[in-house]
Amino acid sequence: MQKKLDLWTIVTIVIILLLCILLLLPIMQILILGFMDADTGAFTLANFQKVLTKNYYVNGLKNTLFVGILGTLGAGLIGIPLAFFTARFKIRGKAWIQTLAILVLVSPPFIGAYAWIMMLGSNGFITNAFKAIGLDTPTIYNAPGIILVFSLKFFPFIFLMTQTALNNVNKSFEDAAENLGCNPWQRFRKVTLPLVFPAVSTGAIICFVLSIADFGTPAILGRGFRTLSTIALGAYRSELGGAPTMAVTVSILMMAISMIALIIQRRILAKKRYASALTNLPVPVKLEGWKNWGIHIFCHGLVLIAMLPSIVVIYTSILKTKGPVFVGGFGFESYQRIWRDAPEAIFNSFSLSITAALLITIASAFISYVIVRRETRVAASIDFLMMVPYLVPGVVMAIGFVTVFRNAMPDIFTATVLLVMVYFIRRLPYGVRATSSSLRQIQPSLEEAAINLGASPLGAFRMITIPLIIPGIIVGALMAFITAINELSSTVIIYDSSTITMPVQVYIAVLDGEFGTAAALSTILLLSTGICVFAVFRFAEDRESAVL
Amino acid sequence: MASVKVVGLQKLYGSVVALSNINIDVPSGTFFTLLGPSGCGKTTLLRAIAGFHSQSAGDIFVDGQSIGDLPAHRRDVAMVFQDYAVFPHMSVRDNIAFGLKQRKVRAAEIKTRVDDVIDVVQLGKFADRMPHELSGGQQQRVGLARAIVVQPKVLLMDEPLSNLDAKLRVELRAELRRIQQDLGVTTIYVTHDQEEALAMSDVVCVMEGGVIQQAKPPFEVYSRPSNRFVASFVGSNNFMQVDLNDSKFSLRSTGEFISSSVRAPKSGSFVGAVRPEDLDILPSSAQTEDDKKKLDVPVVIQEVSYVGREIEVYGQTSNGELIKAIGRPDAELITLAPSDKVIFRTQKEKVLFFVDEHFGVRI
């Protein structure tokens, strides 16, 4: 029998085409350029040879792995105890701790870097305070600072995932371990930790991949300390006009690191699947005396330290300034300056992110339907492709977009169009995940009933499916917006003078030492992000799974 | 009201055959039930008729017109779902009006038709409630009302009562049948509950392995099952080894002749089937009757279980077959205990013979 082209088959084809053009094509292009001689266009392995032998690149690779691994370890050292204490012991303000962790998670990624400079930099107020009493503070620049910022920025992934897992460990396992003679530490190490290992490692792999990809932090804190993402941008800028072979070769290296990390984690996890009946849920224990004080100070202290950059930024934004200099007292000069000097950055940021978020919202509804409702291999591969944007660093994706689209048709693919496209594909997974998890709650028989009663497939989708998954759609749109408006690493490659965004403006202001304007812009970003997060809380059934 | 005809329908999932050469004929106004264990293909067949998945071969006709290639929303067959599928974001009234709105019926007519059907399914008090305010039984009434209000050519029901508790299930069963007969709507009903199937249907169609085993009125399916599978699936049955000599079946455990001159294959193994309710339980001291019409099976009791209305006695024959008899729990039976010897007695004419295979035919 001949297969009929029904609505959803057509939609599936359109989605595949869209993903091929926006996702696979740029990645393919990068892979091809990496094996190409910049001058002759012939096939060569010289680029990789150069990257893997020249000190400049090899050091970049070492640095990237160094701060990536130590940053992830740091995030684990903060996240795991925090998760364990909040899941197993009675802690006052647990919801507050979680909310702060989520705010840290979604706050603009580069704020941490320059806020720490304001605190611990060579002219930072903590540094100066210590100097006044004759003490030296450890340096915030280069590796130590980057690792500190990564740890404090990415620990919420490990914290929230581990905490969820700990809450779902059947208490009987721990009771049995105790019954068989384990002391509490042995019990934690031999039973509890292995049981939550899948969650810990998933959180860790996200930290690691984000650390590898992060551009803002090493760009701001690295004084001569280069990572692959800053090297890629540098190479891209120096190769403008020619084929960006070195930039893409470095990009391939970054992708390879992320992929290898993911594959290793999957390999380890494949052998560790634990079935567990949720019959005996763990009950938090109340600690007494100094232990109780200790865990409270630890938990609240850590999330406050992680929030410190945001607080410093907001505080700095209302300091009185004269030009780039803080003159003491409070005032709104910084805001007046950005309004006078860079109103287009604010406008661009909002218009680009809102456009991308709207497109993501529409696409997510259709893609989610195909992934959730169509049980075909094609649907499964679309689901898999939705993971790819997480793994491709922003700098890399942007270079791919520029080489594929702008170099082919510069008149159509202006910076504005490219930015919307790159935001769209990089943040699409947020929209799809929120929408599809919402759709999974809806019984398929509802749509079938509508069709059975005479509604067309599109009619059933419009009248039944969409109204029922509106909460998921809203959460997806908000998450897409939040992550798009804070985007720096792709934007910094693509933007031109007319498409500058707030994150780029902050980045430039920080490099110029204009901390007042940087703070004011960051505060606007923080506030928009914060408002959206609370809207997410309002609509999401499960706050954490919405933002992770 | 319309007749339904399925011709040579086949459904493959890759190499797995979900439906194999299905042919059914449902006359107009019939209550036709697809009965079978889970995975037998009954729901697949129903969903193929509804148009939710396309058949690999064959066709479906409603009133002689092919609908096999029509998309689901243009088939005019209304379905009642196992999980109710009541739209959670619409009131009872809007749910029921949904199909009429799709058919572009005038608002005034929608109102009267919805009001009428709300009376039929006795939901008057709940017309403006939202689904989450209704019980499961009430939601299923909405599901039924929503399907019948469009006056479909065919009504399809996919285990509509299986999510309800036992008592409500029996009540709604009678009501469904009453409404179906009042409307005279051709109905195809899927269930795995044989009691439900026997109680409600004009025709019971037993399916297994994607194949129709038998499609006959309930009494016939129960009393004259077409093959061994139907005999064991509908009601319960004891199967005992029998031997075929000189065109006569004899019981292997006792050697007694049961029937003469049967038309059976020359070779092969055969079983005799007796329903538990056709076996009387007698003390072993009971007189062996000379009556040639009676069949006595001496057994050793393995288990006696008293279930209130009746008593179930499991006995083992001399060649190790476990067979069950059901009796009224009188003073004598209640004292039976394992390893007591008793006689299970039946009428020879009650014994049916089958080829001893899963789908072995009746002889």
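In E5(B), Gln65(B) is the bridge partner of Val62(B). Strand E4 (residues 57–62) of chain B pairs with E5(B) in the antiparallel sense over 2 bridges; two strands count as paired if DSSP finds at least two bridges between them. Helices (H or I, at least four residues) and strands (E, at least two) are DSSP runs, numbered from the N terminus. The model is a predicted one, in which local features need pLDDT of at least 70 and side-chain atom pairs count only at pLDDT 80 or more, while totals for chains, interfaces and linings use all residues. Residues are numbered from 1 along each chain as its sequence is written, chains are lettered from A and ligands numbered from 1 in the order in which they are written, and side-chain values use heavy atoms, with hydrogens and water left out.

E4(B) and E5(B) belong to an open sheet of 4 strands in chain B, with antiparallel pairing and the order E2-E1-E4-E5. Its edge strands, each pairing on one side only, are E2 (16–26) and E5 (65–66) of chain B.

A hairpin in chain B is formed by E17(B) and E18(B), with 5 residues between them; in its turn, Gly320(B) has a positive phi of about 85°. Strand E17 (residues 311–316) and E18(B) pair in the antiparallel sense over 6 bridges, and Gly315(B) stands opposite Ile323(B) in E18(B). Of the 6 residues of strand E18 (residues 322–327) of chain B, 5 are buried. Buried means under 20% relative accessible area, exposed over 50%, and partly exposed in between (1.4 Å probe, protein chains only).

Met200(B), placed in helix H6 (residues 194–200) of chain B, is likewise buried, with a relative accessible area of 1%. Leaving aside neighbours within four places in sequence, Met200(B) is in contact (heavy atoms within 4.5 Å) with Phe31(B), Arg173(B), Leu176(B), Arg177(B) and Tyr189(B).

In chain A, helix H14 (residues 333–341) has Ser334(A), Arg337(A) and Ile338(A) as its buried residues. Seen down the axis of H14(A), these fall within an arc of 95°, so they line one face of the helix; the arc is that of the directions from the helix axis to the C-beta atoms. They pack against helix H13 (289–317), strand E1 (319–322), helix H15 (343–373) and helix H24 (515–539) of chain A. The face of H14(A) turned away from the buried side carries the exposed residues Gln336(A), Trp339(A) and Arg340(A).
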